[in-house]
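Subject: Model for you to look at

Hi there,

Here is the model I promised to pass on. Please have a look at it first; my notes on the ligand and its surroundings follow below.

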Amino acid sequence: MITNRTFTMIKPDAVENGHIGGILEKISSAGFKIVAMKYTQLSTRDAEAFYAVHSERPFFGELVEFMTRGPIVAAILEKDNAVEDFRALIGATNPAEAAEGTIRKLFATSIGENAVHGSDSDENAAIEGAFHFSGREIF
Ligand code: ATP
Ligand code: MG
């Protein structure tokens, strides 16, 4: 398995607020190479499947509603230690607790509407990348 890749989404709040460019700039200046990217929108079924691990949480309905309300940017990123380094670049789930200079500190609105997704393991990075991209869309 390729372990130097992670998967990200620029979430609907960040797209609505005009932050696609700012977020891609942070990603590329941190040394991540984009190996796949698309502008798309999740269906309710997509969002429920993607976040199935949270299906019992009280915020699940709100999360699915949020993630489907507008377009997102989905991408696969490559860099040594990609999963861990990207989680550091995006910062804590709650932007109020995110470190200075992190993507969520700069661009997120709230714990629910937190601008970006980052995979939490190599295994999930591979699953999530395959959810959005076929082999011929990955470079
Ligand atoms: P992501 O998986 O999107 O990268 P994360 O790994 O930092 O975020 P998770 O615990 O996996 O955080 O939660 C997934 C998403 O669910 C969060 O990014 C956020 O959008 C939403 N979420 C998490 N906790 C809450 C909460 N307490 N209230 C509302 N929404 C929440
Ligand atoms: Mg997560």
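At least two residues of the shell around ligand 1 come from each of α4 (60-67) and β4 (116-118); helices (H or I, at least four residues) and strands (E, at least two) are DSSP runs numbered from the N terminus. This is a predicted model, in which local features need pLDDT of at least 70 and side-chain atom pairs pLDDT 80 or more, while totals for chains, interfaces and linings use all residues. Residues are numbered from 1 along each chain as written, chains are lettered from A and ligands numbered from 1 in written order, and side-chain values use heavy atoms, without hydrogens and water.

The shell has 14 residues, with K11, R87, T93, G112 and N114 the closest (a heavy atom within 4 Å of the ligand). Oxygen atoms of ligand 1 make polar contacts (N or O pairs within 3.5 Å): one is 2.8 Å from a polar side-chain atom of K11, and side-chain N or O atoms of R87 and H117 each have one at 2.9 Å. The protein buries 82% of the 580 Å² that ligand 1 exposes alone (Shrake-Rupley, 1.4 Å probe, with only the protein chains shown as cover for residues).

Ligand 1 takes up the space of the largest pocket (more than half of its atoms within 2 Å of the grid points). A pocket is an open set of points on a 1 Å grid over the protein atoms alone, where a 1.4 Å probe fits, with protein on both sides within 12 Å along at least five of seven lines; lining residues have an atom within 4 Å of a point. α7 gives the largest share of the lining, 4 residues.

Best wishes

How values were computed: Polar contact = N/O pair within 3.5 Å; in protein donor to acceptor, adjacent residues only side chain to side chain.
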